[in-house]
Amino acid sequence: MNGKRLGRPAHLILMATAVLAAVAIVVSGCGGGGGGSSSGSSSGGGGGEAASGSFASGAEAACATANKAIEALGTPTQAEVLKYMETTESVVGKLSDEVSALNPSDAAEKAYTAALAKSETVLNEMTNAARNENFDAVREISDELIELHLGELAGNADLRICAEVPVSE
């Protein structure tokens, strides 16, 4: 029996920090990278935003609601991490369903929608790891959220609100 569990509170604090960062990445789309894709769509016609205006307005409204829900959660204490993960998973699941129902039409919208659906799966894995108090796994799995590049994908789809980072109070 090699595990003293002396570092358990530290693991919980690190896990809570990883969870907060991961959730901000998922819900906000990671904040993007300053919007630099000026010559990204060579086969798109005309303006781009008029063609998928209903998708963008619907996705932005769904993201605004999700951001507010995450902001309202605040920063979890050690004892609240599992509840925080479960609530976040529910919020992101609803966001993913709402965005998917908007029927994305162009490649950027489809890429964002697919990554959002994948983030739902990753959050489920994180929540399950938290249930089992496997905090190292929670941190490791959160890396998968970062690799989805949701912020960049939201920016590519002209979803500014979806690229905002919710600020917990």
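Me: Which share of the contacts with a separation of 6 or more in the protein chain comes from residues 24 or more positions apart?
Reply: In this predicted model, residues 24 or more positions apart account for 81% of the protein chain's contacts that have a separation of 6 or more.

Me: OK, and how many helices and strands are there?
Reply: The protein chain has six helices and zero strands, and read from the N terminus the elements run α-α-α-α-α-α.

Me: What percentage of the residues is buried?
Reply: Of the 169 residues in the protein chain, 39% are buried.

Me: Which residues of the largest nonpolar core touch the most other members?
Reply: That core has 35 residues, and the ones that touch the most other members are Leu-95, Val-99, Tyr-112, Met-126, Leu-159 and Cys-162.

Me: Which elements give two or more residues to this core, then?
Reply: They are α2 (53-73), α3 (81-101), α4 (107-131), α5 (135-147) and α6 (150-156), and α4 gives the most, with nine residues.

Me: Going back to Leu-159, what does that residue touch?
Reply: Leaving aside residues up to four places away in sequence, Leu-159 touches Phe-55, Ala-56, Ala-59, Glu-60, Tyr-112 and Ala-154.

Me: Let's look at helix packing. At what angle do α2 and α3 pack?
Reply: The angle is about 170°, and the axes of α2 and α3 are 9 Å apart. That angle makes α2 roughly antiparallel to α3, because angles over 145 degrees count as roughly antiparallel.

Me: Which residues make that contact?
Reply: From α2 the contact is made by Phe-55, Ala-59, Ala-62, Cys-63, Ala-66, Ala-69, Ile-70 and Leu-73, while α3 brings Tyr-84, Thr-87, Thr-88, Val-91, Leu-95, Glu-98 and Val-99. Sorted by class, the contact of α2 with α3 has twelve nonpolar, two polar and one charged residues.

Me: How far does each of the two reach, end to end?
Reply: Helix α2 has 21 residues and reaches 30 Å from its first C-alpha to its last, which is close to the 30 Å expected at 1.5 Å a residue. For α3 the values are 21 residues and a reach of 30 Å between its first and last C-alpha, again close to the expected 30 Å.

Me: And which residues of α2 and α3 are buried?
Reply: In α2 the buried residues are Phe-55, Ala-56, Ala-59, Glu-60, Ala-62, Cys-63, Ala-66, Asn-67 and Ile-70. In α3 they are Val-81, Tyr-84, Met-85, Thr-88, Glu-89, Val-91, Val-92, Gly-93, Leu-95, Ser-96 and Val-99.

Me: What about α4 and α5, how are they arranged?
Reply: They pack at an angle of about 170° with their axes 8 Å apart, and α4 and α5 are therefore roughly antiparallel to each other. Lys-118, Ser-119, Val-122, Leu-123, Glu-125, Met-126, Ala-129 and Ala-130 of α4 make the contact with Phe-135, Ala-137, Val-138, Ile-141, Ser-142, Glu-144 and Leu-145 of α5. By class, this contact has ten nonpolar, two polar and three charged residues.

Me: New topic, the loops. Where is Gly-74?
Reply: Gly-74 is in the loop between α2 and α3, and just after α2 it takes a positive phi of about 70°. With 7% relative accessibility, Gly-74 counts as buried. Its C-alpha is separated by 4.4 Å from that of Ser-168, although Gly-74 and Ser-168 are 94 residues apart along the chain.

Me: Which residue just after α3 takes a positive phi?
Reply: That is Asn-103, with a phi of about 55°, a positive value in a residue other than glycine. Most residues other than glycine have a negative phi. Asn-103 lies in the loop between α3 and α4 and, at 59% relative accessibility, counts as exposed.

Me: And what is the phi of Asp-158?
Reply: Asp-158 has a positive phi of about 60° although it is not a glycine. Asp-158 lies in the segment after α6 and is partly exposed, with a relative accessible area of 40%.

Terms used:
Residues numbered from 1 in each chain as written. Predicted model: local features only at pLDDT ≥ 70, side-chain atom pairs only at ≥ 80, totals over all residues. Heavy atoms only, no water. Core = buried A, V, L, I, M, F, W, Y, C linked by side-chain atoms within 4.5 Å. Buried < 20%, exposed > 50% of the residue type's maximum accessible area, 1.4 Å probe, protein only. Helix = DSSP H or I, 4+ residues; strand = E, 2+ residues; numbered from the N terminus. Contact = heavy atoms within 4.5 Å. Axes fitted to C-alpha atoms, helices over the stretch in contact; angles between N-to-C directions. Parallel < 35°, antiparallel > 145°, perpendicular 65-115°, else oblique. Nonpolar A, V, L, I, M, F, W, Y, C, P; charged D, E, K, R; others polar. Expected span 1.5 Å × (residues − 1).
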